[in-house]
Amino acid sequence: MRPIPDSMKVLYFARTSEEPFVEIITDKPDKRRQSLCSSTDSEYEDLLPVLTDNSQILQQQHLEQLMNHIPARTQGYPWKLLYSTAEHGTSLNTLYRHMADIDRPVLMVIKDMDNQVFGAFSSDAFKVSCYCYGTGETFLYSFSPEFQKFHWSGENSYFVRGFLDSLQMGGGGGYFGLWLDSDLYHGSSYSCNTFYNQPLSLHHDFTVQDLEVWTFI
């Protein structure tokens, strides 16, 4: 029998003196998923998304919840920061510009002056449009204080609409689920027919402390 390389592990021999069935072992990491937790810290290893950039908002508890609620086609991929008010300034036009060539879903994360964290997952990158866009994958969420996800209700398709002076998500009933002004400084959140959501922040009207938009690569 030929010598067995170190990269192979013998599973069993079919018959004496015959070539064994082997398992090839590699040390290449999974490019799609990587854990931030050591297996020694828990009985099982929670696979958290890898952030390619630093976040001013996201903590481990946020990642644990969000990774389990974003659509399956985005799970397991590293998260790339597309826009941050801390890095790029407070401008909706700048946000649009940073997403001009993006054709993937995006995740908006907001932290308001009450230190509440909430936001939205959009099936499409944010852009200026004369019509509403997006699909039923789009949802709103809030950590105020416990995590809540507000799915598409099926009532209407007012998922996202971008203007030069505002960004709107969800509608119907006279209110927006999430609304932001052109400076990404003032916003509001009301219950709307698109998501049947509760207000995402503690108050209907809020002031943005930090805002980030991430995509999945």
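Tutor: A nonpolar core is a set of buried Ala, Val, Leu, Ile, Met, Phe, Trp, Tyr and Cys residues joined through side-chain atoms within 4.5 Å. Buried means under 20% relative accessible area, with a 1.4 Å probe and protein chains only. This is a predicted model: local features need pLDDT of at least 70, side-chain atom pairs count only at pLDDT 80 or more, and totals for chains, interfaces and linings use all residues. Residues are numbered from 1 along each chain as its sequence is written, and side-chain values use heavy atoms, leaving out hydrogens and water.

Student: Which element gives the most to the largest nonpolar core?

Tutor: That core has 31 residues; Leu95, Met99, Met108, Phe126, Leu178 and Leu211 touch the most other members. Helices (H or I, at least four residues) and strands (E, at least two) are DSSP runs, numbered from the N terminus. β3, α3, β4, β5, β9, β10 and β12 each supply at least two core residues. The top giver, with 4 residues, is β12.

Student: Why do the buried residues of α1 lie on the same side?

Tutor: Helix α1 covers residues 60–67, and its buried residues are His62, Leu63, Leu66 and Met67. The arc is taken from the directions from the helix axis to the C-beta atoms. They share one side of α1 because they cover an arc of only 115°.

Student: What is the bridge partner of Leu180 in β11?

Tutor: Strands pair if DSSP finds at least two bridges between them. β10 (residues 178–181) pairs with β11 (residues 186–188) in the antiparallel sense, over 2 bridges. The two form a hairpin with 4 residues between them. In β11, Leu180 is partnered by Gly187.

Technical notes:
Buried means under 20% relative accessible area, exposed over 50%, partly exposed in between (1.4 Å probe, protein chains only).
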